[in-house]
Amino acid sequence: MSRGVLSSSELARYQRHLSLAEIGVEGQEKLKRASVLVIGAGGLGSPSSLYLAASGVGTLGIVDCDRVDVSNLQRQVLFDTGGIDRLKAEAARERLQALNPEINIVAHAVELRANNVRDVLKDYDVVLDGTDRMATRFLVNDACVILRKPLVSAAIHRFEGQAMTYVPGRGPCYRCLFPEPPAPGTIPSCAEAGVLGVLPGVLGTIQATEAIKLIVGAGEPLIGRLLTYDALEMRFQEFSFTRRTDCAVCGDAPAITQPKDPVEICGPEALSRVRRLAPRELELLIASAGANTYAIIDVREPHEFAVSHLPHARNIPVGELMRRIGEIPVAATAIFMCRSGGRSLTACGIAVGAGIKSPAHLEGGLLAWAAQVDARFDVAPLR
Amino acid sequence: MGCTVRIPSPLRSYTNGAASTAVNGSTVAEVLADLDRRFPGMRFRMIDEQERIRQHIRLYVNTRAATHLAEPVRAGDEVHVICALTGG
């Protein structure tokens, strides 16, 4: 049977699509001939890949180098309890293939970097970005602009999500919307801030919808329109934006002509210089060292700091650290701490970048302090 | 002049979780100044030291993109703060 022609079993499987004038046999054959790359088999990649597989996209690539963790299962519906510790790309391939044996699934268990992004993207018609790393989000956008690939981008945070579609030559790219990533630590990750499990279900499904529309040529894609969704308020809104002539990648005189890795503020080199203090070690240090030999910097938000903090701690929220780095005494060892140890590690990376030679951070954060040293210490919840 | 500011999820820690808040001002600059009076530190998360809108933030007055702080705001307008999200 020639490529792209539907078999009798496919005609049966996709009959509800075939009844739609906007898809029909011709559209379904386009889907069969199409290839879509899903970047990130997480909250967004789970529903998007399930629906794209079910819809009959002929080749589906899944990029993820992580393994399934039990904390993923609250929202990453591609995986089940038996898949814990498996490579996500592999577990996803099996699940999607079981859902639809008529299609090809390609597992890319790699971390996308400047040196492999071209190779991974080159064979795909449409790219869906559902990564949880801002650096990868910009890398993927730049690569899609340079390789002239349509991109459907979505992101989530707590109860809020956003989505947009880029089509080469037809509208603005992600950098036209947000030219540069936020400073490290200014936006907490889902791990730190939490996320409503069902939220990526909504946004991932929107991404799959956009991909199908682009492939069959139906409807109006989200080109030049940022769709935002607030689950608590149950409100969808749309904000238009245009191509920036000074965009670094799709502008009239682009500065970015090759995908490049962003400077990693928390890269391995910086982190190798960070001293990791266990709660008991910190307790010992506070008891034995002179108060002027160390500076305790609590990088949580002011409302968290107000609930409780260690004696002599000063509050510099991680988002303000770059601006306020001069407040840290040069002669003292800077000890950064936060709720669970994520933001303080980011703070260490910022501090190293700013010339502080050997910062320390409280491993496990104040939650670990409360668990191991001081059970009466009340750690404020994240809001 | 009263308007409503809609707060993006990553900045709601400043507003005790509120998705929107009522403020006064006849320009975006005045609106953000009033917002910062009510929720200290919040403006710096949107506007940098050079008084520019941060690169990962966009401001809209109703559906109109505000590219500078002098953008007028009228009574009853909604000022939307949009923040690039990272989660996937």
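Is strand β5 (residues 78-83) of chain B mostly covered or mostly uncovered, and how many of its six residues are buried? In this predicted model, five of the six residues of β5(B) are buried, and the strand is accordingly described as mostly covered.

Two other strands of chain B pair with β5(B). Strand β1 (residues 2-6) of chain B runs parallel to β5(B) and is joined to it by three bridges. Within this pairing, B:E78 of β5(B) is the bridge partner of B:T4. Strand β3 (residues 57-61) of chain B is antiparallel to β5(B), with five bridges between them. Here B:V81 of β5(B) is the bridge partner of B:L59.

Chain A is divided into two parts, with domain 1 covering residues 34-240 and domain 2 covering residues 268-372. The separation of domain 1 of chain A from domain 2 of chain A, taken between their C-alpha centres, is 34 Å.

The two chains meet at an interface in which 25 residues of chain B are in contact with 42 residues of chain A. On the chain A side, two or more residues each are given by the strands β5 (151-157), β6 (160-166), β7 (225-230) and β8 (235-240) of chain A, and by α13 (302-307) of chain A. By residue class, the side of chain A that touches chain B consists of 19 nonpolar, 13 polar and ten charged residues.

Terms used
Residues numbered from 1 in each chain as written. Chains lettered and ligands numbered in written order. Predicted model: local features only at pLDDT ≥ 70, side-chain atom pairs only at ≥ 80, totals over all residues. Domains from an automatic or database assignment. Contact = placed C-beta atoms within 7 Å. Helix = DSSP H or I, 4+ residues; strand = E, 2+ residues; numbered from the N terminus. Nonpolar A, V, L, I, M, F, W, Y, C, P; charged D, E, K, R; others polar. Buried ≥ 20, exposed ≤ 12 C-beta atoms within 10 Å, placed from the backbone. Pairing = 2+ DSSP bridges.
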